[in-house]
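These are my notebook entries on a structure that I looked through element by element.

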Amino acid sequence: MRPGTAAGVVDFYRRLFAAVEAGTELPVFRGEQEYYRKDGSIMVGEVQVIPQVDAEGRLYEILGVTRDISERKEFEAELRRLAVYDPVTGVWNRRHGEELIAADLEQARDSGQRLTLLMLDIDHFKSVNDTHGHLAGDSVLATFAERVSTMIRREDVFARYGGEEFAVLSRGLDMAAARAFAERIRQLIAEYEFAFDDAIIPITISVGVAATPQVVVEHPHD
């Protein structure tokens with residue numbers, strides 16, 4: 001058993017033996033624990049520990065059952081990942097991106113923090129799919145997202161908003177700084193050689209920039 005998951009089991013046995021000594025109702029343990037396999041990988045087990053008592057209510061056996069649910073947990077984790085990430089590019093998908101942007105806008109209304117939104121649109125993207133095929137189009141999208149990710153900060157929101165449209169929400173930039181940021185991204189993409197198989201695919205983007213108005217928030221003294 002992994003050390004980090006053992007505390008719950010240890011606590012259960014303390015409560016169990018305390019209940020036996022006090023003559024009170026015996027607790028039952030149900031939970032998930034992580035174990036090391038022989039090869040060092042981790043197995044997630046669904047554990048049930050059920051005290052067995054005789055007709056006089058005396059404990060005579062502790063029955064423990066562990067079921068390997070590793071595959072189920074991996075499947076659940078993949079579902080959670082797909083719920084928020086775009087499968088082609090690995091950035092936030094539109095739904096989760098809109099949730100994060102809405103939360104930042106709400107916070108900005110209270111704090112007066114400046115927010116800037118960049119909408120990035122790959123020019124003539126349909127011709128990439130038509131000329132080189134959809135696998136090439138997906139490769140361009142994934143590489144584009146990877147390149148833009150090198151430009152943004154960890155706290156920025158970067159989401160795929162549509163087929164070839166992406167949104168970047170940044171905190172603390174004024175309009176002039178946001179325009180300069182947009183121009184750096186535009187140049188980065190224009191100068192990069194997008195390649196698929198033996199073909200070089202020229203890519204350019206159009207960028208729209210918007211910013212929240214600068215607001216001074218006054219907080220009255222208590």
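Entry 1. The four-stranded sheet.
Before listing the sheet, I note the criterion used: two strands pair if DSSP finds at least two bridges between them. I also note that the model is a predicted one. On that basis I found an open sheet of four strands, in the order β5-β6-β4-β9, with antiparallel pairing. I then asked which strands stand at the edges. They are β5 (157-160) and β9 (205-211); each has a single partner strand, so one side of each lacks a neighbour in the sheet. From one strand to the next, the twist averages 15°.

I looked next at one pair within this sheet. β5 is joined to strand β6 (residues 165-171) by four bridges in the antiparallel sense. Within the pair, I found Arg160 opposite Phe166 of β6.

I located Asp156 in the loop between α5 and β5. Is Asp156 buried or exposed? I recorded a relative accessible area of 7% for Asp156. Because buried means under 20% relative accessible area, Asp156 counts as buried.

I then listed what surrounds this side chain. One of its polar atoms lies 2.9 Å from the backbone nitrogen of Arg153. The side chain of Asp156 also makes a polar contact with the side chain of Ser170, at 3.3 Å. Setting aside residues up to four places away in sequence, I found that Asp156 touches Leu169, Ser170 and Arg171.

Entry 2. The three-stranded sheet.
I found a second open sheet, of three strands in the order β1-β2-β3, again with antiparallel pairing. Its edge strands are β1 and β3, each of which pairs on one side only. Here the twist averages 30° from one strand to the next.

I took the β1 and β2 pair to begin with. Strand β1 (residues 29-36) pairs with β2 over eight bridges, in the antiparallel sense. Tyr35 stands opposite Met43 in β2, and Tyr36 has Ile42 as its bridge partner in that strand. I noted that β1 and β2 form a hairpin with five residues between them. In the turn of this hairpin, Gly40 has a positive phi of about 90°.

I then turned to β2 and β3. Strand β2 (residues 42-53) and strand β3 (residues 59-68) are paired over nine bridges, also in the antiparallel sense. The bridge partner of Val53 in β3 is Leu59, and Gln52 stands opposite Glu61 in β3. How many residues lie between β2 and β3 in their hairpin? I counted five, and Gly57 in the turn has a positive phi of about 85°.

Entry 3. Helix α2 and Ser70.
I checked where α2 sits relative to this sheet. It lies across β1, β2 and β3, and runs at about 125° to β2.

I looked up Ser70, which belongs to helix α2 (residues 70-84). Its relative accessible area is 8%, and Ser70 is therefore buried. Which residues are in contact with Ser70, leaving aside its neighbours within four places in sequence? I listed Arg37, Ile42, Met43 and Val44.

Entry 4. The packing of α4 and α5.
I examined helix α4 (residues 125-132) against helix α5 (residues 134-149). The two pack at an angle of about 140°, and their axes are 6 Å apart. That angle makes α4 oblique to α5; I note that only angles over 145 degrees count as roughly antiparallel.

I listed the residues that meet in this contact. From α4 they are Phe125, Val128, Asn129 and His132; from α5 they are His134, Ala136, Gly137, Val140 and Leu141. Sorted by class, the contact of α4 with α5 has five nonpolar residues, four polar and no charged ones.

Note on methods: Residues are numbered from 1 along each chain as its sequence is written. This is a predicted model: local features need pLDDT of at least 70, side-chain atom pairs count only at pLDDT 80 or more; totals for chains, interfaces and linings use all residues. Side-chain values use heavy atoms; hydrogens and water are left out. Axes are lines fitted to C-alpha atoms, for helices over the stretch in contact, and angles run from 0 to 180 degrees between N-to-C directions. Angles under 35 degrees count as roughly parallel, over 145 as roughly antiparallel, 65 to 115 as roughly perpendicular and the rest as oblique. Contact means heavy atoms within 4.5 Å. Ala, Val, Leu, Ile, Met, Phe, Trp, Tyr, Cys and Pro count as nonpolar, Asp, Glu, Lys and Arg as charged, and the others, Gly among them, as polar. Buried means under 20% relative accessible area, exposed over 50%, partly exposed in between (1.4 Å probe, protein chains only). A polar contact is a pair of N or O atoms within 3.5 Å; within protein, one must be able to donate a hydrogen and the other to accept it, and residues adjacent in sequence count only if both atoms are side-chain atoms.
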